[in-house]
Amino acid sequence: MLKLYHRQILQEALENKVDSRALEIITEANLNQDALRGQIGHDEYHFDNNAFKESYAYIEKNRAKIQTALKGGDLEEAWAAFGRLSHTAQDFYAHSNYISLWLAQFDGDTAPLPADVEHAEQVIITSEKLQSGKLYYPLEILSYIPALKKYVMPYLPKDSHAWMNIDSPEQGRKFDYAFMAAVKRTEDEWHKTLSDLSQEEIHAFCHTNQKK
Ligand SMILES: [Zn+2]
């Protein structure tokens, strides 16, 4: 997903749950996952290349880091770890065909509105039809360059990231569903993270009683 949308998703999901400093550090770490060094060789950051198992493991690895960081009093690292795991969780909807499979249950006009998207349908999550975009280098990289995109796309297979991604409104109405699903998933990840913490840790992590 483009940075602008990761930022908006976090804002919608978390603005009433944490203070602005915590949200800023979470957001910075989330966006950082799309820096070049996080793009190549890190399918698990973005649910790319069908790295489902690895991506789920990456989310849990970061959730464990939150606890360790809080125990050591390192609030910034705790927020950064949530930023990283939320990036992966959000990319699930932008880089897999989950939204397409979900919408395929409805005939054309009968699909619910994006706000009513069901983001955690187990039948789809565990379906063997679920797949995520493959990265075909170097063509994939060239497809990011606007002037070259139209020449490169015909040479990329339909199961490529370039064809499958729903990273921005350019991909049409599916983007609205991916966006809303990512907001709901971020809220879920937040609650799941808090459920592992003590009251004291929750207080520190949410930072709601501190001055900026
Ligand atoms: Zn990403």
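## Close-up views of a predicted model

View 1. Pro138 sits in the loop that runs between helix H8 (122-125) and helix H9 (139-143). The model is predicted. The bond joining Tyr137 to Pro138 is a cis peptide bond. Its omega is about 0°. Most peptide bonds are trans.

View 2. Asn49 lies between helix H4 (43-46) and H5. Asn50 is in the loop between H4 and H5 too. Most residues other than glycine have a negative phi. Asn49 is not a glycine, yet its phi is positive, about 55°. Asn50, also not a glycine, has a positive phi of about 60°. Are these residues buried, exposed or partly exposed? Asn49 has 18 other C-beta atoms within 10 Å. Asn50 has 17 within 10 Å. A residue counts as buried at 20 or more and as exposed at 12 or fewer. Asn49 is therefore partly exposed. Asn50 is therefore partly exposed as well.

**View 3. The largest nonpolar core.** This core has 44 residues. Ile26, Ala78, Tyr93, Ile99, Ala178 and Ala181 have the most contacts inside it. Which helices each supply at least two of its residues? They are H1 (3-14), H2 (20-32), H5 (52-71), H6 (75-95), H7 (98-103) and H12 (174-195). H6 gives the most, with 10 residues. In soluble globular proteins, nonpolar side chains tend to be buried together.

**View 4. The surroundings of Ile26.** Ile26 is one of the residues with the most contacts inside the largest nonpolar core.

**View 5. The packing of H1 against H12.** The axes of H1 and H12 are 9 Å apart. The two helices pack at an angle of about 50°. Parallel, perpendicular or oblique? Angles under 35 degrees count as roughly parallel, and 65 to 115 as roughly perpendicular. H1 and H12 are therefore oblique to each other. The crossing of H1 past H12 is right-handed.

**View 6. Residues at the contact of H1 with H12.** From H1 come Tyr5, Ile9, Leu10, Glu12, Ala13 and Leu14. They meet Phe179, Ala182, Val183, Thr186, Glu187 and Trp190 of H12. By class, nine residues of this contact are nonpolar, one is polar and two are charged.

Note on methods
Residues are numbered from 1 along each chain as its sequence is written. This is a predicted model: local features need pLDDT of at least 70, side-chain atom pairs count only at pLDDT 80 or more; totals for chains, interfaces and linings use all residues. A nonpolar core is a set of buried Ala, Val, Leu, Ile, Met, Phe, Trp, Tyr and Cys residues joined through C-beta atoms within 7 Å. Helices (H or I, at least four residues) and strands (E, at least two) are DSSP runs, numbered from the N terminus. Axes are lines fitted to C-alpha atoms, for helices over the stretch in contact, and angles run from 0 to 180 degrees between N-to-C directions. Angles under 35 degrees count as roughly parallel, over 145 as roughly antiparallel, 65 to 115 as roughly perpendicular and the rest as oblique. A crossing is left-handed if the near helix is turned anticlockwise from the far one by less than a right angle, and right-handed if clockwise. Two residues are in contact if their C-beta atoms, placed from the backbone, lie within 7 Å. Ala, Val, Leu, Ile, Met, Phe, Trp, Tyr, Cys and Pro count as nonpolar, Asp, Glu, Lys and Arg as charged, and the others, Gly among them, as polar.
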